[in-house]
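Open your viewer and keep the selection tool ready. We will go from stop to stop, picking residues and saying what is there.

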Amino acid sequence: MKFIEQNAWQFLSVKLPVLGAFLLLVLIPGLQWAVDFKLIPVEYHAYVTGGVMVFLSWLGKKWYQPSLHQPLGFVAVTAGHSNTDPGAVNGKIKESELVTNFRNAVVHYLREAGITTRTDGTGTQNDPLSSALKVIKGSSVAVEFHMNAAASKHANGIETIALPHDKKLAQDLSAAVASALGSRLRGDNGWIDQSKSARGSLAYINAGGLIVELGFISNEAELAAFQARYWIAAKAVAKVLIEYEKGA
Ligand SMILES: [Zn+2]
C-alpha cells in the first residue's frame, strides 16, 4: 500500500506546477475577460482569485508533506561482520552472507519507495564495522542485521538491540521480522536495552544504530524459515523504516 501511495505522491507533485500554470494562464485572464465584458460583477474576480490561491496553498502543503520528513537524512542499512569475518556459522552457512542478502533485500524495498539509503557494500560486498560506522554518520536511522548463535540448538527468537529512545522502533522492527518468519520475540517485546545489556558496549549502537538479530543460525528451524522467507521479512522491515522516515 505504501509503495502505491509513494508513486501517487510523486505523480501529484509533478502535476501541481502544471495545475498552477494552467490557473495563471487560463483561469485568471478568463475571469478578467468575463469582468471586462460585464458577464460577472468585478467583485467576483477577487473572490475567485483569492479562493484559488488559498486552495492551491492548501494543496501544496498537503501534497509536499511526505517529502518534508527526509530533508537531509538517509537510511543507513548495513550487514553484520564482513567478507573476512563470517560471524556465526552453521556448517557451511555463514551469518555474514545471510545478513548481506537481507541487507540487499531491505535496500531494494526502501529504494523502490523512494527512500535514500547508504550501505556498507552492494551485492556480496560486506565491509567491516569500521566502514559501517562511517556509513551511519548523518543518517536519520541506521540498522544493522545479525543472526544469533547459542550452544543450545533450541535457543530462538528475534530481538533488536537499541538505546532506550529507540525502544518503539526496535520493537516494531522485531515484530515485523517475527511475524514474517513465524518466530517469537525476545527481551521486552523484541527490544533489548543496550544500556542494560550484558553484551557490553556495542560501537554501532553507541553511534546511534539499531542491531536487529534475525533469529538463531544455530536453530535449524529458524535457519530454514529465514532462508525460505527472508524476502518477506525484509519487505516488512522496509515498511517499518519507511513509516519511521515519513513520521507516521
Ligand atoms: Zn553477528
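Is Asp 172 buried, partly exposed or exposed? Asp 172 is partly exposed, because its relative accessible area is 28%. On this scale, buried means under 20% relative accessible area, exposed means over 50%, and partly exposed lies in between (1.4 Å probe, protein chains only).

A note before we move on. This is a predicted model: local features need pLDDT of at least 70, side-chain atom pairs count only at pLDDT 80 or more, and totals for chains, interfaces and linings use all residues. Residues are numbered from 1 along each chain as its sequence is written, and side-chain values use heavy atoms, with hydrogens and water left out.

**Stop 1**

A salt bridge here is a side-chain nitrogen of Lys or Arg within 4 Å of a carboxyl oxygen of Asp or Glu. Both residues lie in helix 5, four residues apart, about one turn of the helix. Helices (H or I, at least four residues) and strands (E, at least two) are DSSP runs, numbered from the N terminus. Lys 168 counts as exposed, at 57% relative accessibility.

Now select Lys 167 and Asp 188. Their side chains also meet in a salt bridge (3.4 Å, N to O). Lys 167 lies in helix 5 and Asp 188 in the loop between helix 5 and strand 7 (191-193), so the pair ties together parts 21 residues apart in sequence. The whole structure has seven salt bridges.

**Stop 2: helix 7**

Select Glu 243 and Lys 239. They form a salt bridge, the closest N and O atoms being 3.2 Å apart. Both sit in helix 7, four residues apart.

**Stop 3: the zinc ion**

Click on the zinc ion. Which residues coordinate the zinc ion? His 81 (NE2), Glu 95 (OE) and His 146 (ND1) do, at 2.0 to 2.1 Å. Donors are N, O and S atoms within 2.8 Å of the metal (3.2 Å for Na, K and Ca); water is not among the atoms, so sites may look incomplete. Along the chain, the donors follow the spacing H-x13-E-x50-H. His 81 is in the loop between strand 1 and strand 2 (89-90), and Glu 95 is in helix 3. Glu 95 counts as buried, at 3% relative accessibility, whereas His 81 is partly exposed, at 23%.

**Stop 4: the nonpolar core**

In soluble globular proteins, nonpolar side chains tend to be buried together. Select Phe 102, Phe 145 and Leu 214. They are among the residues with the most contacts inside the largest nonpolar core, which has 43 residues. Such a core is a set of buried Ala, Val, Leu, Ile, Met, Phe, Trp, Tyr and Cys residues joined through side-chain atoms within 4.5 Å. Helix 7 gives the most to this core, with ten residues.

Stay on Phe 145. Leaving aside neighbours within four places in sequence, its contacts (heavy atoms within 4.5 Å) include Val 77, Val 106 and Val 237. For a second, separate core of eleven residues, select Ala 76, Tyr 204, Ile 205 and Ile 211, which are among its members.

**Stop 5: out to the loop**

Last, select Phe 37. Where is Phe 37 found? Phe 37 is in the loop between helix 1 (2-36) and helix 2 (42-68). Phe 37 is exposed, with a relative accessible area of 55%.
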